[in-house]
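Terms are given with their cut-offs where they are needed.

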Amino acid sequence: MQQYRLARQSLRLNRMRTFLTTLGVVIGVASITLVLSLGQGAQQTIGRQVQALDNNIIVIKPGQPTTGFDLSAYNPYKTAVTSSLTEQDLNTVTLSEGVASTAPIMQLTGTVKHQDTDIRDTPIIATSTDFAAIMNLKIATGQFIDGHTARETVVLGQQMAIDTFGSDQVLGQQIAIKGSLHTIIGVLKNTGSPLNISGINLDHSIFISLDDGKSFNQGIAQIQRIVLRLKDTSSMNASQKLLDAAILANHQNERDFTVLAGSDISKDNDSLFRSIVLITTVVAAVTLVVGGVGIMNIMLVGVTERTREIGIRKALGATNHHILSQFLIEALIMCVAGGIVGLVSGYSIAYLIASGIAFQPAVTWQITLAGFLMALSVGILFGLYPAAKAARKDPIESLRQYQ
Amino acid sequence: MAKKNKTDPPVLPVIELEQLSKIYGHEDTTVIALDKLDLKIEKGEFVAIMGPSGCGKTTLLNILGMLDSPSEGEYGLDGRPVGDLSAREKAHLRSSRIGFVFQSFNLIPRMNIIENVALPLSYKRGFRYNKLRKASKVLKTFELQEREYYMPNQLSGGQLQRVAIARALVNDPSIILADEPTGNLDSKSSELIMNELRDIHRHGNTIIMVTHNPELTSYASRVIQMKDGRIARDSSRQKKKVDRRRKRPLSSYIKTTEGDS
């Protein structure tokens, strides 16, 4: 307690120095908190989306199942590679036992225009009627595409409609997809979740029928994903195996597809985020180490400056332990205070950034504890050496200083 | 036997040095600061240690204050050998049995007067309030109570040294070690400080003071003159020798004087 009071006193005396030294820790802890908070927020968003799908969704995607983290899974050219999933697979799946509804996802790339303005970064998804039901999409106005609607019709994601037309009351208006005019017949409600199981932002997409999509692709269906809803959650594993076997037969026993169920659906996105978060956390931790070095530096200066004081204290009965704790507590106060300010500002910046994008940063006790413990360990790690140096000083030598 | 002890307890010396040496440096560059010193200081003495620069008086004071340890020999404080004590125990003894008064006052500039006085207590158990109250009480006896919350740089040299003496007294030490307590003061302040020390001595405190100034020895009850790490002259030893000579039979007296010469 005594040492704490002393440490605070000497920190107060050098306000500017204390502030600048602490700033190093604040920045370090803030960046760690920011990265972890945003990263975990993104992961939670993905997790929630999968959970929101009632856990009886199965996704079939082309390509071999990946084990662990594989960066090539995020190869941007991969979408351009011909998918191994065909319309025949879609039919097989639709007719399989236990399957309630099925929808393909055929993602097209191409220009979308409203009058003469280009609408950028809008995924065009060719799918079927059941897609809305499987993905729990709600209609804001109009209807989703169905078998009865004519080819040149389109359904917009709400955000996309608002961004383009300034309103979601756009039924009957027209947009040009790859040069051909389509009439808007419906607008979806915002899902509020920008990242989805297929990595597509549904709020920002436009939806056309599979036939329409095929017409843009020389009549061939390029199915990137097949999503389906089961009749019964309990038969999840059995259905997964059944579907796997059925498609395997279609593909002449070539395993060029993956049937994903449950939490596996978001695994790809999950592991990508996890590694991004990990890498950025390491970078942020480096900032904290730099802050720690700053603390050590200033502490060493302080020990040299106060050599005489150390001598006096020792002459008056301070043990090495007393001196050590006085200086160590000084470093700890700076680190803990820096840690707390860093946590608060880290979370604040995370919310500030997140207000621009559509997911919530995570505020968990794990992140808070991690940030706090890191600050504390930096304090101990970088405060111990200067404190030990102070404690080891010879009282006679110290008293002779400046005499 | 026991009865006799009760009525006439053996007076243990506060400080007992036996063949104490301090040697600095290594091998061929050694400097002998203290050379096989024997010294006993009893409770209530006011000892002035005199001597030219480099005679080892400051080294002696540092060893007495357990800031330094001797190279050879024994140091007993309150009948306890100090040589076997750990650094922690020495620090504890310093905070409880020894009061330091320095030439340059050695107050901590960023702490106010009362905090400076309470400093030796801060390394002991107890409530801060009680410690400050005790410090305040000691300051009162030095008529510095109204200066309690001043900072050291707001006080004169004489006042600072009085604060330093108050600090040395706050833990009720067995001995007060003063290293040139008036070295940085003008003659008027010096006199004041010396009068304070004499008062403290009269209250039964043991004081060991190192000084250059021969005038100050008039305040002391015993004067030790040092030279080249040895005691060249000790006022009390001479007195004692005279006492001994009276009691001893003539034969031993002759032997002793022969040995001395």
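1. Two strands are taken to pair if DSSP finds at least two bridges between them. Helices (H or I, at least four residues) and strands (E, at least two) are DSSP runs, numbered from the N terminus. On these terms, strand β8 (residues 174-177) of chain A pairs with β9(A) in the antiparallel sense over four bridges. In this pairing I175(A) has H182(A) of β9(A) as its bridge partner. The hairpin of β8(A) and β9(A) has two residues between the strands, and K178(A) takes a positive phi near 50° there.

2. This is a predicted model, in which local features need pLDDT of at least 70 and side-chain atom pairs count only at pLDDT 80 or more, while totals for chains, interfaces and linings use all residues. Residues are numbered from 1 along each chain as its sequence is written, and chains are lettered from A and ligands numbered from 1 in the order in which they are written.

3. Further pairings involve β9(A). Strand β7(A) runs parallel to β9(A), joined by four bridges, and L156(A) stands opposite V187(A) of β9(A). Strand β6(A), by contrast, runs antiparallel to β9(A) over three bridges; here the bridge partner of I139(A) is L188(A).

4. Helix α5 (residues 158-165) of chain A has Q158(A), Q159(A), M160(A), A161(A) and T164(A) as its buried residues. A residue is buried if 20 or more other C-beta atoms lie within 10 Å of its own, exposed if 12 or fewer, and partly exposed in between, with C-beta atoms placed from the backbone. The buried residues of α5(A) pack against β3 (112-114), β4 (117-119), β6 (139-142), β7 (153-156), β9 (180-188) and β10 (206-209) of chain A. After α5(A) comes G166(A), with a positive phi near 80°.

5. At the level of the whole chain, chain A comprises twelve helices and twelve strands, and 44% of its 403 residues count as buried. Two residues are in contact if their C-beta atoms, placed from the backbone, lie within 7 Å. Of the contacts in chain A with a separation of 6 or more, 85% are between residues 24 or more positions apart.

6. Chain A is divided into domain 1 (2-47 + 271-400) and domain 2 (85-255), the bounds coming from an automatic or database domain assignment. The C-alpha centres of these two domains of chain A lie 51 Å apart.

7. The contact between the chains takes 17 residues from chain A and 19 residues from chain B. On the side of chain A, α1 (2-13), α9 (307-315), α10 (320-354) and α12 (395-400) each supply at least two residues. The largest share, four residues, comes from α1(A). By class, this side has eight nonpolar, eight polar and one charged residues, where Ala, Val, Leu, Ile, Met, Phe, Trp, Tyr, Cys and Pro count as nonpolar, Asp, Glu, Lys and Arg as charged, and the others, Gly among them, as polar.

8. Chain B has nine helices and ten strands, and 41% of its 261 residues count as buried. Four of its strands form an open, antiparallel sheet in the order β2-β1-β4-β5 (chain B). The edge strands, each pairing on one side only, are β2 (31-41) and β5 (80-81) of chain B. Strand β1 (residues 15-24) of chain B is joined to β2(B) by seven bridges, with I32(B) of β2(B) as the bridge partner of I23(B).
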